Amino acid sequence: MVIVPFIKAVDCRILELCRSNHLSINGLANRAGMPPSTVASILNEKSRNPGELTIFKICIGFGISMAQFYASELFNVENIDLEKVHKA
């Protein structure tokens, strides 16, 4: 596994869940009750630190808990660039 910044792990997890749920970004945004631009800003890393409420809404869109969202190897501490986490 490659070491990535936390936001990149969030991006990858959203895209992974979109693929497994056969959802487009717009479809996810609609199910999550948020503008597609909000999801897009996370995915293109304009939003460098999405809030818990935003992640919670995304989880609602996928029909999963936040624990399920973060239950991925992407979020194992050895896979996150901790130096970039401390600078955020």
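Helix α1 buries I7, A9, V10, D11, R13, I14, L17 and C18, where buried means under 20% relative accessible area with a 1.4 Å probe, protein chains only. The structure is a predicted model, in which local features need pLDDT of at least 70, side-chain atom pairs count only at pLDDT 80 or more, and totals for chains, interfaces and linings use all residues. Residues are numbered from 1 along each chain as its sequence is written, and side-chain values use heavy atoms, with hydrogens and water left out.

The cover over these buried α1 residues includes α2 (25–32), α3 (36–43), α4 (52–62) and α5 (66–70). Helix α1 itself runs over residues 6–20, helices being DSSP runs of H or I with at least four residues, numbered from the N terminus. Just after α1, H22 adopts a positive phi of about 55 degrees.

On the α1 side, V10, I14, L17 and C18 meet I55, I58 and F62 of α4, contact meaning heavy atoms within 4.5 Å. The residues of this contact between α1 and α4 divide into seven nonpolar, no polar and no charged, with Ala, Val, Leu, Ile, Met, Phe, Trp, Tyr, Cys and Pro counted as nonpolar, Asp, Glu, Lys and Arg as charged, and the others, Gly among them, as polar.

Notes
Helix = DSSP H or I, 4+ residues; strand = E, 2+ residues; numbered from the N terminus. Expected span 1.5 Å × (residues − 1). Buried < 20%, exposed > 50% of the residue type's maximum accessible area, 1.4 Å probe, protein only.
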